[in-house]
Amino acid sequence: MKESILCLLQDSVKKYPDKIAFADQSRQITYREFWTEARKAGTFLAETHAKGLRNRPIAVIIDRNIDTLIAFFGIVFSGNFYASISMDLPEDRRNTIFKELDPLCIIDARNKGKVLEGTISLKGIISTAHIDDSLLDFIQSNSIDTDPLYTLFTSGSTGTPKGVLISHRSVLDLTDAFQDAFNFDSKCIFGNQAPFDFDVSVKDIYNSIYAGGTMHILPKKFFVMPKLLIEYLSLNKINTLIWAVSAVRILADIKAFNDSEYDIPLRYLMFSGEVMPVHVFNYWFENFPDAKFVNLYGPTEITCNCTYYTAARKFSDEEIIPIGKAFKNTRVFLLNDDNEIITKPNVSGELCVEGTGLALGYWNMPEKTASSFPQNPFLTEFGNRIYKTGDLAYFNDSMELCYSSRKDFQIKHFGHRIELQEIERTANTSPEINISCCVYDKENEHIILCFQGTADKKGILKHLSTRLPKYMLPHEFVYISHMPLTPHGKIDRKKLLNIALGKEKLNESDKTNIPDGLFRSSISMCVTASENLSRP
Ligand code: AMP
């Protein structure tokens, strides 16, 4: 029985002690060495900061390196849970998080530069610490799987970031579910793209350890130099990619595999976070006919993903790639506005999730936790929580789940209910559009389509008007050289609206402010060629 994710690590240390567990740009580390270094960090934390305390937060200033992972596991060995904090966050936001979190201490795991004031250097810990096996074994023997493992901070509508708290049990369940669905094995070599404060990376870390695989932490710079990235993937025989859609998209946008002299032995490409444009998927599918492609769906609050769809064919422009069905040991259902379960195809409702993957809640926010994880409306006789995702979905004719949009991207426009994401998805089927995003100017009641690609307004309008009702046709079209992205690599819709309205511009800092693990196909200045179009 596994009561902690340390059991996964212990199993792989026993089976593959001398195998490379992790690699970054400055070193690689075997399972045995990783175990030793993490236990040093664990002993240090247990003796100096935790001192018998359990289930308290310890923050880590993260980097794209092995030391960050040693810090995570050291914290777990000490009987506590980790909170990943990126220096890319504005200082104010970082300080708000520290205040909310009130951590036992803060570890700085960065490779270079001065250690942040008030923090402890991971390197310093490892160079001096000893291991107290009996202390660590005692802590582990008192662990239970409902103990928290990590918290990830996501934006909160009140302006205060929310720390989503995830238990060991949820991550153990996630790795079992992935194993059941995809059969990862010790030959899997993962190429980690997602930053460690983004839950996509959780899948890399724990699936790799579970399978006894190797995980390469891909440096940020590779994602502005795709040739280097492809060369690295090829030379290191990286065969398993669990990436954000934006990273997958950008390689397709620049047709990175055309005439490439490098061979990537791809076995798995899994993507999540946003809708995958069909032309992007088809490009990868054509280039890697032997690989398994999986659309993964889910919010951080249910531990990464609750549904999956294995895409084993090319899709036509008019189709969308389903999000499929629930993982084992997870239940998903659609609720209509009257809280009734939808069972028929092609009826849209809010996607709700029930199961072990549900977060323990938001750190120190009992009211927010209660409202976001309400009682299951169909089982009121005992405590049974669900998570309402805020996403709209429907079953297609084959009863596969398909994602429609966020509930909050729904607008009422002259009496019509419109999903902005339906407009952009339709625009994305044009071969002349790389990616598009729709925003709504409430004041002028204008739908604005921002797009990247070679299309012109007449062409887009022609494309859309044969596919959408008149009331859904955008009023304005804004060409943009690259989409502004949030730190997690999703399109920054707020900023995009401001750009479309001329209130903000992509500036020099945007050019270099590339989110961890992502690169942009074009880093030229944005050209906003906004043009009002009269309705056809
Ligand atoms: P996050 O909590 O940052 O991972 O964001 C979760 C949200 O991203 C979900 O609620 C969806 O709105 C969106 N999302 C995640 N995966 C997918 C997917 N495969 N297709 C479409 N949207 C997705």
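**Figure 1. Packing of helix H14.** The buried residues of H14 pack against helix H13 (420-428), strand S23 (433-441), strand S24 (446-453) and strand S25 (476-479). The structure is a predicted model, in which local features need pLDDT of at least 70 and side-chain atom pairs count only at pLDDT 80 or more, whereas totals for chains, interfaces and linings use all residues. Residues are numbered from 1 along each chain as its sequence is written, and side-chain values use heavy atoms, with hydrogens and water left out. Helices (H or I, at least four residues) and strands (E, at least two) are DSSP runs, numbered from the N terminus. Within H14 (residues 457-465), the buried positions are Ile460, Leu461, His463 and Leu464. These residues lie on the same side of H14 because they cover an arc of only 160° around the axis, the arc being that of the directions from the helix axis to the C-beta atoms. Exposed Lys458 and Lys462 are carried on the face of H14 turned away from its buried side. Buried denotes under 20% relative accessible area, exposed over 50%, and partly exposed the range in between (1.4 Å probe, protein chains only).

**Figure 2. Surroundings of Met472.** Met472 is placed in the loop between H14 and S25. Its relative accessibility is 4%, so Met472 counts as buried. Met472 touches Ile418, Glu419, Glu422, Ile423 and Ile447, not counting residues up to four places away in sequence; contact means heavy atoms within 4.5 Å. Leu420 is 52 residues from Met472 along the chain, and the C-alpha atoms of these two residues are separated by 8.5 Å.

**Figure 3. Polar contacts of Asp391.** Asp391 belongs to strand S19 (residues 387-395) and, at 6% relative accessibility, counts as buried. The side chain of Asp391 forms polar contacts with the side chains of Tyr297, at 2.6 Å, and Arg406, at 2.8 Å. A polar contact is a pair of N or O atoms within 3.5 Å; within protein, one must be able to donate a hydrogen and the other to accept it, and residues adjacent in sequence count only if both atoms are side-chain atoms. Leaving aside neighbours within four places in sequence, the residues in contact with Asp391 include Gly349, Glu350, Leu351, Tyr403 and Lys407. Ser405 lies 14 residues from Asp391 along the chain, with 5.9 Å between their C-alpha atoms.

Figure 4. Asn396 lies in the loop between S19 and strand S20 (401-406) and is buried, with a relative accessible area of 16%. The side chain of Asn396 reaches the backbone nitrogen of Glu400 at 2.8 Å. Apart from neighbours within four places in sequence, Asn396 is in contact with Pro322, Pro345, Asn346 and Cys402.

Figure 5. The largest nonpolar core has 89 residues, and Phe73, Phe182 and Phe184 have the most contacts inside it. Helix H3 (residues 66-77) gives the most to this core, with nine residues. A second, separate core of 36 residues includes Tyr232, Leu251, Met276 and Val280. A nonpolar core is a set of buried Ala, Val, Leu, Ile, Met, Phe, Trp, Tyr and Cys residues joined through side-chain atoms within 4.5 Å. H3 packs with helix H8 (residues 200-211) at an angle of about 75°, their axes being 13 Å apart; H3 is therefore roughly perpendicular to H8, a term for angles of 65 to 115 degrees. Axes are lines fitted to C-alpha atoms, for helices over the stretch in contact, and angles run from 0 to 180 degrees between N-to-C directions. Leu69, Phe72 and Phe73 of H3 meet Ile205, Tyr206 and Ile209 of H8.

How values were computed: Parallel < 35°, antiparallel > 145°, perpendicular 65-115°, else oblique.
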